[in-house]
Amino acid sequence: MAHRRLQLAAVLALAAFAVAQARQISHLPDAPAMCPLEMRKNTRWGVATASYQVEGGWNLGGRTPSVWDTFSHAGFIKNNDTGDVACDMYHKYPQDFKLMRELGIKHYRFSFSWNRILPQGGKGTPVNPEGIAFYNSLINEMIANNIRPYATIFHWDLPQVLQDKYQGLIGEEFIADFVNYANVLFENFGDRIRDWMTFNEPWVTCVLQYGQGVFAPGIPMGDEGMYKCGHNLLKAHAKTYELYHKAPQAKLDNATFADAARGKVPQAKLDNATFADAARGKVGIAHNIEYLEPLTHAAALKANNVTCYFLLEFLQVPQAKLDNVTFADAARGKVGIALNIEYLEPLTEAKEDVAAANYGLEKNLGWFADPLFFGDYPASLKSCAKDVLPSFTAEESKLLKGSLDFLGINFYTGKFAKGSTTDKCSVETREQDVNGKDIGPLAESSWLRVVPWSFYKLLKYVQSRYDPKQIIITENGVSAPKEDSMSVQQAIRDDFRVNYYKGYLDYLCKAISEGVKVNTYFAWSFMDNFEWREGYSQRFGINHVDFDSPELTRTTKDSGKFLSKHFFRVGRGGGVGARRPGGRQPTKETPKAAKPAKQQ
Ligand code: GBH
């Protein structure tokens with residue numbers, strides 16, 4: 001009897017808990033109509049950030065200043081804000097990954113701070129062991145939480161020393177220094193990171209950082225500087241792609257099985273090497289699991305089941321020459337880039353408006369995408385930019401063409417385009433139609449209006465012009481109006497952002513259903529952060545950060561709950577843990593909190 005009563009009490013308590021849970025999220029809208037459960041399940045949904053915007057620790061662990069430290073310390077940011085502390089993710093990443101896990105997030109895009117890795121920036125200068133250690137811990141913690149890392153190599157924070165030395169991206173030396181930096185990242189983290197983006201938003205770097213000089217380093221270089229920057233950036237990208245796909249991993253020759261097992265070297269994954277090779281101490285530790293376990297090698301070797309698995313692999317995998325193994329082979333990894341673009345809709349059906357919208361897309365997106373897909377700048381850009389646009393040699397063009405495994409798109413908004421009957425190079429953008437009606441509600445950011453259908457149109461445009469094998473939406477998000485002046489309790493009821501995501505994701509799903517090859521999507525951003533020139537005044541987070549509290553407290557907004565419920569929890573896993581066909585199951589169990597919520 002007593003037993004029965006206990007059971008009943010337990011059932012009642014559970015029911016009360018369920019009701020409380022339901023009440024908590026009952027005001028959240030249903031999943032977008034055009035996103036059927038099956039599609040949400042088959043797609044990867046994650047969140048994004050960038051080093052300078054979230055890390056802080058600006059002078060810790062051997063880090064030197066980047067151009068953004070210099071720029072913010074010189075007072076160019078709203079409210080005199082700086083990224084000195086930012087969200088202090090430098091210290092708080094364990095709790096942030098825990099929160100991600102609670103929300104069911106299994107994919108995380110972040111960026112490396114170049115100046116934390118290479119304080120002197122350039123080729124031949126020392127790698128900072130503290131910087132490597134920091135990112136090792138960060139990545140391992142991510143993986144331990146079942147979160148797959150996606151790394152941006154450069155998200156605008158150039159080491160100040162390289163700006164001083166040769167004007168950063170304006171100098172030809174930038175190319176070799178960037179490739180060297182990328183190589184350091186591949187060598188140190190390439191065993192656990194399979195998805196790389198060389199540059200975030202080359203357009204912003206070259207137009208705002210160098211052309212107009214409104215972003216750090218803040219020295220306007222005009223159109224000539226802007227196109228020079230783009231040219232160097234593209235060449236650096238192509239050489240990095242080549243390095244990743246063609247260069248053998250020299251480092252593996254020096255790593256012994258013993259070193260690896262003691263956890264002294266990064267884990268090298270060689271698809272073609274056998275354990276026989278490894279055990280003879282000739283090569284680095286080799287294994288065939290698709291993804292690194294959240295274990296050091298030392299720990300892995302202690303675990304019997306893992307050892308057995310390794311031995312099985314050892315018997316099955318053929319011997320192969322190690323000289324031919326590339327970073328890409330070893331990790332089965334990919335290199336792409338993240339391009340930003342605002343969609344342009346012709347203001348009217350007039351020929352010149354249609355041409356202007358088209359030219360605008362070629363000038364802003366095609367400037368970078370055309371060389372990567374086709375090996376050269378768009379003809380329209382060549383004719384409009386004339387002598388300030390450098391040209392590629394045949395060899396460079398060959399290297400550029402096809403130099404990406406996926407195309408990353410950062411998408412926020414769309415505008416109308418108006419052309420001119422006399423000047424084919426003129427593109428005037430507008431936020432109102434011919435009747436004066438707004439294209440969509442204005443966000444907190446002056447450049448950002450909510451235009452869900454523009455996402456669909458842009459994606460269709462990209463698929464038809466470039467036919468990419470894979471598209472990743474590397475960023476999508478919004479700053480909610482006046483959020484910064486609200487209390488935490490007000491700010492987390494962010495209907496504006498919920499509606500933004502609901503609308504944009506609806507149109508993303510429509511595009512996917514029509515064959516646009518998006519398989520991965522990142523919301524910008526995981527949390528409120530340093531919004532460049534706007535400092536902390538514009539919030540893009542799906543988690544609120546209380547910048548006034550000493551703990552920089554994170555609180556999930558309704559938008560975070562909405563995405564968690566319909567996307568993060570439901571979507572495809574990160575591939576953290578072995579996923580060999582017919583092989584063993586991942587050893588790390590998905591925690592209860594991260595299980596898919598029941599669908600309505
Ligand atoms: C992204 O850029 C960035 O990658 C990310 O770091 C940032 O936090 C996020 O957006 C939100 O802004 O100053 O009027 O000339 C988005 C694309 C392109 C939007 C440049 C702002 C500046 C317009 N950005 N644009 S203006």
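What share of the contacts in the protein chain with a separation of 6 or more is accounted for by residues 24 or more positions apart? In this predicted model, such residues account for 78% of those contacts. The secondary structure of the chain comes to 23 helices and 13 strands, and of its 600 residues, 57% are buried.

The structure holds four cavities of 30 Å³ or more, and the largest cavity contains about 60 Å³ of space. Its lining draws at least two residues from each of four elements, namely α3 (51-54), α5 (89-102), β2 (107-111) and α7 (129-144). Of these, β2 gives the most to the lining, with three residues. Among the residues that line the largest cavity are Thr-49, Ala-50, Val-54, Met-89, Tyr-90, Tyr-108, Phe-110, Phe-134 and Leu-138, and Glu-55 also belongs to the lining. By class, the lining of this cavity consists of eight nonpolar, three polar and one charged residues.

The largest pocket, in turn, holds about 1200 Å³ of space. It is lined by 47 residues, of which Trp-203, Val-204, Leu-208, Asn-340 and Glu-342 are the closest to its centre. The elements that give two or more residues to the lining of the largest pocket are α10, α11, α17 (351-374) and α18 (379-385). When the residues of this lining are divided by class, 23 are nonpolar, 15 are polar and nine are charged.

The backbone itself deserves a careful look. Most residues other than glycine have a negative phi, and most peptide bonds are trans. Against that background, two peptide bonds can be examined in turn. A cis peptide bond joins Ala-216 and Pro-217, with omega at about 10°, and Pro-217 is placed in the loop between α10 (202-211) and α11 (222-246). Both of these helices also give two or more residues to the lining of the largest pocket.

Positive phi values come next. Asn-146 is not a glycine, yet its phi is positive, at about 70°; this residue is placed in the loop between α7 and β3 (148-154), and α7 is one of the elements that supply at least two residues to the lining of the largest cavity. Leu-552, also a residue other than glycine, has a positive phi near 50° and is found in the loop between β12 and β13 (554-556).

Methods
Residues are numbered from 1 along each chain as its sequence is written. This is a predicted model: local features need pLDDT of at least 70, side-chain atom pairs count only at pLDDT 80 or more; totals for chains, interfaces and linings use all residues. Side-chain values use heavy atoms; hydrogens and water are left out. Buried means under 20% relative accessible area, exposed over 50%, partly exposed in between (1.4 Å probe, protein chains only). Contact means heavy atoms within 4.5 Å. On a 1 Å grid over the protein atoms alone, a cavity is a set of points where a 1.4 Å probe fits but cannot get out, and a pocket is an open set with protein on both sides within 12 Å along at least five of seven lines; lining residues have an atom within 4 Å of a point. Grid points are joined across faces, edges and corners, and a volume is the space filled by probe spheres set on the points. Ala, Val, Leu, Ile, Met, Phe, Trp, Tyr, Cys and Pro count as nonpolar, Asp, Glu, Lys and Arg as charged, and the others, Gly among them, as polar.
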